[in-house]
Amino acid sequence: CAACGNKGGDDLKACTACKLVKYCNVTCQKDHRPNHKKECKRRAAELFDEALFQQPPPKEDCPICFLPLPFITEYKIYQPCCGKVLCRGCVHAVEAEINNSLRNIQPHCPFCRIPICTSNEALTEQCKKRMETNDAEAFLSLGCHYHEGGMGSPQDLEKATGLWLQAAELGSIHAHARLGRAYYIGEIVEKDMKKANYYWERAAMGGHVQARHNLGFLETNDNRAKKHFMIAARAGFDDSLTNIRGMFMDGHVTKEEYETTLRAHKDSQDEMKSDWRDTAIAAFLKRRTSL
């Protein structure tokens with residue numbers, strides 16, 4: 001024990017913050033705190049940075065085409081019937097098959113084949129049923145509808161935030177990113193940069209590239225900002241690549257780092273592409289422009 005010197009073996013508990021020292025119990029930990037506080041904070045910060053800047057987990061694949069899902073929210077669709085997140089390309093492919101068929105085929109989910117609900121009320125009920133199974137994406141999706149006032153739901157920003165908090169507790173990196181943005185701009189909640197940073201850090205560690213880019217934008221330390229932008233750029237995020245290019249021109253990024261990031265960015269972009277996705281995204285953008 002770092003406080004009393006007792007050799008308790010496996011019975012000693014490590015300091016949960018720094019993992020450097022062990023104690024018999026809470027009393028010993030409190031007694032040793034004045035001597036250990038500074039070193040504990042230093043090591044805890046090192047451990048957190050190791051977790052923050054480590055390689056993020058691989059992108060989630062579309063369960064139909066098995067290509068990595070796009071990180072742009074509008075380019076993928078949550079299916080409340082089965083709880084799957086599909087790329088817009090696979091959804092568009094089924095829609096095209098139905099439209100071009102000579103048979104009278106009812107619109108259905110591309111994954112589970114259940115007929116698509118035609119009313120907002122039915123879609124909301126499907127989301128609520130998924131929420132009963134602790135489906136984080138269902139909480140996130142319904143929260144987004146309340147935020148935008150879509151799917152027949154009246155706009156309710158407070159309810160949207162509550163649903164995002166529940167989704168975040170269930171592990172949704174997208175909910176963490178949404179909450180970070182809410183605290184950053186002071187929407188719904190009071191503006192709080194510490195909380196914005198907290199939620200974006202959790203989202204970034206889970207692989208959310210926009211949140212990672214935002215952290216780089218907020219960072220005042222050039223080396224830490226470079227790390228954030230480099231991770232996001234290598235995942236295929238265009239805005240981060242633009243920042244890395246600027247840092248290369250300013251001498252903050254080496255030629256080797258820039259070339260490696262360029263190649264990784266292209267590889268990430270290429271692995272998310274398909275003909276159906278390109279067609280679907282073009283159609284989606286055309287519809288949105290005409291609204």
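Student: In this predicted model, what makes helix H8 roughly antiparallel to helix H9?

Tutor: The axes of H8 (residues 209-218) and H9 (residues 222-234) cross at roughly 160 degrees and come within 8 Å. Angles over 145 degrees count as roughly antiparallel, so H8 is roughly antiparallel to H9. The crossing is left-handed.

Student: Which residues make the contact of H8 with H9?

Tutor: H8 contributes Val209, Arg212, His213, Leu215, Gly216 and Phe217. From H9 come Ala225, His228, Phe229, Ile231 and Ala232. These residues divide into seven nonpolar, three polar and one charged.

Student: Why is the pair Arg181 and Glu187 called a salt bridge?

Tutor: The closest N and O atoms of Arg181 and Glu187 are 3.6 Å apart. The cut-off is within 4 Å, so the pair counts as a salt bridge. A search of the whole structure finds twelve salt bridges.

Student: Why is Asp135 called buried, and Arg130 partly exposed?

Tutor: Asp135 has a relative accessible area of 10%. Buried means under 20%, so Asp135 is buried. Arg130 has 24%, which lies between 20% and 50%, so Arg130 is partly exposed. Arg130 and Asp135 form a salt bridge, with their closest N and O atoms 3.0 Å apart.

Student: How do you know that Glu46 forms a salt bridge with Arg42, and where do the two residues lie?

Tutor: Their closest N and O atoms are 2.3 Å apart, and the cut-off is within 4 Å, so the pair qualifies. Both lie in helix H1 (residues 26-52), four residues apart, about one turn of the helix. Glu46 and Arg42 also belong to a network of salt bridges that links them with Glu39, Arg43 and Glu50.

Terms used. Residues are numbered from 1 along each chain as its sequence is written. This is a predicted model: local features need pLDDT of at least 70, side-chain atom pairs count only at pLDDT 80 or more; totals for chains, interfaces and linings use all residues. Side-chain values use heavy atoms; hydrogens and water are left out. Axes are lines fitted to C-alpha atoms, for helices over the stretch in contact, and angles run from 0 to 180 degrees between N-to-C directions. Angles under 35 degrees count as roughly parallel, over 145 as roughly antiparallel, 65 to 115 as roughly perpendicular and the rest as oblique. A crossing is left-handed if the near helix is turned anticlockwise from the far one by less than a right angle, and right-handed if clockwise. Contact means heavy atoms within 4.5 Å. Ala, Val, Leu, Ile, Met, Phe, Trp, Tyr, Cys and Pro count as nonpolar, Asp, Glu, Lys and Arg as charged, and the others, Gly among them, as polar. A salt bridge is a side-chain nitrogen of Lys or Arg within 4 Å of a carboxyl oxygen of Asp or Glu. Buried means under 20% relative accessible area, exposed over 50%, partly exposed in between (1.4 Å probe, protein chains only).
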